[in-house]
Amino acid sequence: MQDPTDPKPLAPSHSLVVTGPTDLVVRPAPMLPGIVDHETERADAYARAARAGNTQRAYMADWAIFTAWCEARGECALPANTECVRRFVAYEADRGIKPSTVERRLAAIGHFHRAESFVAPPARPDAGRLRETMAGIRAEKGKKVSRKRAAGAQILSAMLDAYPGDGLRPVRDRAVLALGMAAAMRRSELVALSTDDITIVPEGMKVFIARSKTDQKREGVEVPVLERNGLRPKSHLLTWMAAAGHDKGWLFRRLTRQDTLTDEPTSDRAVARLVQTAARKAGLDERQFGGHSLRAGFLTESASRGATVFKMQEVSRHKTVQILSEYVRDAELFKGHAGSGFL
């Protein structure tokens with residue numbers, strides 16, 4: 001029987017370690033492997049959530065390309081030395097990869113190194129030649145950025161007219177096109193909407209965007225969507241919701257080939273194909289259009305009608321006005337032209 005004056009026995013979750021003649025240290029006993037594995041998986045999931053889904057997919061593809069390149073040459077991909085990475089980016093440039101894509105590949109390599117607690121190759125003290133190589137690639141291979149054509153008000157109106165009828169597909173597609181342009185949405189944001197993200201108000205709608213490319217903290221933002229007598233995004237959306245008969249779940253849901261409504265969200269690639277198909281049906285060159293045409297259409301149209309960059313920013317949610325100022329410049333390129341008095 002234990003003497004009442006004896007110290008209490010240690011809890012089973014701790015172990016006693018003797019580190020010296022008189023030092024006693026109580027250390028936590030190792031946790032169960034299953035708990036550690038689960039918590040590690042959850043931590044990894046949160047780390048992945050720090051980047052948008054499209055960025056994750058692009059980085060995974062870039063990393064696969066780099067590791068395959070290393071394997072073919074007997075190089076170590078992780079950690080990779082800077083000279084290896086320098087030769088890789090030069091190889092990619094020589095095979096015609098755009099400088100912007102090569103830079104993304106380099107960012108992906110850095111991302112996977114940091115994820116494993118290695119210093120990213122471009123951040124190392126011996127990365128001077130790597131940076132010089134990238135500068136040379138940008139200087140030699142760089143060219144004018146090819147942007148998709150903006151679907152302004154007139155073009156979008158023609159696209160909407162290209163989808164007549166009251167069937168589920170044309171009703172849904174008109175709503176996608178109208179809302180995508182009116183809220184200056186990225187296609188990934190558009191397909192991620194749920195019915196709970198839409199608030200109907202007399203002026204139009206409030207659209208809550210929970211996740212965005214520029215919203216890394218995942219705070220979300222509410223975007224005002226105006227309803228007037230033009231493109232009528234609110235009217236198109238309400239018509240779609242009534243036709244689909246759903247008041248919860250994904251806002252834009254996938255249709256089968258037989259136009260049967262499913263419970264799955266439509267994909268961002270489907271939005272890009274829709275814009276291109278709509279352009280073709282409207283008699284335009286579909287190669288000039290893509291998913292970004294909706295977002296660019298709002299910005300170009302609002303700039304041409306005299307909206308300030310700050311009011312444009314309320315809808316587009318750009319962190320800075322630099323990119324927005326380019327849309328304003330494009331819209332006002334011939335306004336007050338220096339040669340207007342004599343040319």
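Modeller: A salt bridge here is a side-chain nitrogen of Lys or Arg within 4 Å of a carboxyl oxygen of Asp or Glu. By this rule the count comes to 18 salt bridges in what is a predicted model.

One of them joins Glu-83 and Arg-86, with the closest N and O atoms 3.1 Å apart. These two residues are three apart in helix H3 (residues 82-94), so about one helical turn separates them. Glu-83 has 33% relative accessibility and therefore counts as partly exposed. Arg-86 counts as buried because its relative accessibility is 18%, and buried means under 20%.

The closest N and O atoms of Glu-103 and Arg-138 are 2.6 Å apart. Glu-103, at 32% relative accessibility, counts as partly exposed, and Arg-138, at 39%, also counts as partly exposed.

Glu-189 belongs to helix H8 (residues 187-191), while Arg-317 is in the loop between helix H12 (309-316) and helix H13 (322-331), so the pair ties together parts that are 128 residues apart in sequence. Both Glu-189 and Arg-317 are buried.

Some salt bridges share partners: in this way Asp-62, Glu-92, Arg-95, Arg-104 and Arg-105 are joined into one network.

Terms used: Residues are numbered from 1 along each chain as its sequence is written. This is a predicted model: local features need pLDDT of at least 70, side-chain atom pairs count only at pLDDT 80 or more; totals for chains, interfaces and linings use all residues. Side-chain values use heavy atoms; hydrogens and water are left out. Helices (H or I, at least four residues) and strands (E, at least two) are DSSP runs, numbered from the N terminus. Buried means under 20% relative accessible area, exposed over 50%, partly exposed in between (1.4 Å probe, protein chains only).
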